[in-house]
Amino acid sequence: MINRLLVANRGEIARRVFATCRAMGVETVAVHSDADADAPFVGEADQAVRLPGVTPADTYLRIDLILDAARRSGADAVHPGYGFLAENAEFAAAVTDAGLTWVGPAATVIAAMGDKLAAKALLADAGVPMLPSWTDTGGITDFPVLVKASAGGGGRGMRIVRTADDLAEAVASARREAAAAFGDGTVFIERYVERGRHVEVQILGDSHGTVAALGLRDCSVQRRHQKIIEEAPGVVPGDLRAALHEAAVSAGRAVDYVGAGTVEFLLAPSGEFFFLEMNTRLQVEHPVTELTVPVELDLVRWQLLVAEGAPLPEGLHEPGVRGYAIEVRLCAEDPAQGWRPATGVLHRFTIPGVDRRFGGLQRAGLRLDSGVETGSEVSVHYDSMLAKLIAWAPTRSEAARALAGALTRAEVHGVATNRDLLVRVLRSQEFAAAEIDTGFLDRHPEVFVPLLPADQVPVTALAAALAGAAHRRATAPVLAGLPSGWRNVPAVPQVSRFVGADGDEIEIRYRLDRTGRLADWSSASTGEDPGAPTVALVDATPARVVLDVDGVRRAYRVHRAGSAVFVDGPDGAASLAEPPRLPLPTAAVAAGSLLAPLPGAVTRLHVQVGQRVTAGEPLLTLEAMKLEHPVLAPIDGVVAELPVPTGGQVQTGAVLAVIDEEDAR
């Protein structure tokens, strides 16, 4: 039996495994990098072992350090989680060679399925449908095609190519990204299916020859080939669902699969389906399966029991579903900066209405599996996912509505996220009609519009200003009972200035009468505009402001963290900052400078100093949070400086390149 389990991972999945271990009476061991020393998962483990270093290559990808941690902590089993070494056959073999129990399929199975080219050949012989594929570009004449990494997953190393002219660069870029993410730059090319859906089947196998299909998931809503919304059981006809289950079981039996795994398929509009890959681990989206199978199911529990040699019970794979579950991945991504990964401190992380965290055997309205809490720091070194929020309801429409409502009420302060995008997708007519596929976001740019309408930003900023005034009165050392800004001759309004998430300044002017009521107000954007809303102050405290806006009472929750002000209102959330009244002098930045939008490493320089470039031309590639981010020339000009060499690490705001516009004339 497993008595002490080491989880060779971090964040949300480590906490998820620990939750099941506590219920089963299994002791837990965490491993952590220096950057994760204060992370929630470390504090929840019975023991924790430091992996000296910060980057994944120095810590979570070091097999020797993890095995040493198991030895020092007395662990007798290792759970790999997902990502990092979860699908590394060498790691699985090293764990078993060390006399430890490996929670997952055999190393030989991981190796066979980890090489997607070999997996396609093996499973094609087992009768699983396949797409045509190529390993070189010479024989490709029909487009579009999809370049994919042979190792790993998560959308990394994946590129859609629609013309022959773009194929060579797409292959080269995919190879670089795959090598950085998985240590293997091998790629292959498949025919790309337009309007295809990404569906997958959860399988579970034991060491007694049983492989069970535990339900279907639809993971079609993706951004940059990475899933952001997953649902179960999916809107699929019964006969097609049965065929997908049968194909997944055939794939599992072909490799004598033991443990939890997922067989992924591409479902064409015609109803044909094709094998994509087999993930030899627990998937991020496993909660939607746990909540919708007809029997009580904890997949982590069964991972541990199967690893101990237990057989699967007969009733575990009974056909049928129970209700509907939808999961969203809440990610630290900045929409104002082209959806680049965001970093910083989470000053507040609360989602009201959550019924259960990290699984358990009861179905819940809202379930939260998070890697962060209030006060957590989001680092550039790891994946951008903060948490998964899952809604279960009797029907799909009810689950989508509940999930969107919970997201709008969430308070996620300090780090920009994709929350508004998720809400807009869940509330869209096309999603409600299940008209989804992997190109959904490309066809619906309207879902990228922030929830907070532009014309409501001034009123939201007014709420922030009034809360600030209430805060100053509450903390005033003298005469705290006087209304804020009180004057004998009230001729001059009070002025509050904020900087929005887009960098624009918002100026709010307002006057309170002698009773503390709002006499008048304006903003730089509303001015004397007759269309500006009529606003009356109902109540204002440092944390809550109630306004009557054109006859409708609206409440705004306000949270201050230093100079940052976060406002959550009925129309959406705003992240504001109070500029310093006396800003400190800063070093001048040369005209034409391109600054690093986030910390990362320069992995490739595409130009040289002195080279003439045109607007939109790639200058260099910055890698952060396991993804490549091209840096493009903003203007026509000549490259005057490239201060960071290939491999150089940069912080946010560092100068990456300088373009001299004058020399181009």
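This is a predicted model: local features need pLDDT of at least 70, side-chain atom pairs count only at pLDDT 80 or more; totals for chains, interfaces and linings use all residues.
**Exercise 1.** Now try Y60: what does its relative accessibility make it?

*Solution.* Y60 comes out at 0% relative accessibility, so it counts as buried too. While you're there, look at F84, which is also buried.

**Exercise 2.** Find out how the rings of Y60, F84 and Y382 are arranged.

*Solution.* Take one pair at a time.

- Step 1: Y60 and F84 sit 5.1 Å apart, centre to centre, with 20 degrees between their planes. Planes under 30 degrees apart count as stacked, so that's a stacked pair.
- Step 2: Y60 and Y382 have centres 5.8 Å apart and planes at 75 degrees. Over 60 counts as edge-to-face, and that's what this pair is.
- Step 3: Put together, Y60, F84 and Y382 make one aromatic cluster.

**Exercise 3.** Which parts of the chain does the pair of Y60 and Y382 tie together?

*Solution.* Y60 is in the loop between strand 3 and helix 3. Y382 is in the loop between strand 22 (377-378) and strand 23 (385-393), so the pair ties together parts 322 residues apart in sequence.

**Exercise 4.** Step back to the whole chain: how does its radius of gyration compare with the globule rule?

*Solution.* First, the make-up: the protein chain has 15 helices and 40 strands. Next, its radius of gyration is 27 Å, close to the 26 Å the rule gives for 665 residues, so the chain is as compact as a globular protein of that length. Finally, 52% of the 665 residues count as buried.

Definitions and conventions
Residues are numbered from 1 along each chain as its sequence is written. Side-chain values use heavy atoms; hydrogens and water are left out. Helices (H or I, at least four residues) and strands (E, at least two) are DSSP runs, numbered from the N terminus. The radius of gyration is taken over C-alpha atoms; the globule rule is 2.2 Å times the number of residues to the power 0.38. Buried means under 20% relative accessible area, exposed over 50%, partly exposed in between (1.4 Å probe, protein chains only). Rings of Phe, Tyr and Trp (its six-membered ring) pair if their centres lie within 6.5 Å; planes under 30 degrees apart count as stacked, over 60 as edge-to-face and the rest as tilted.
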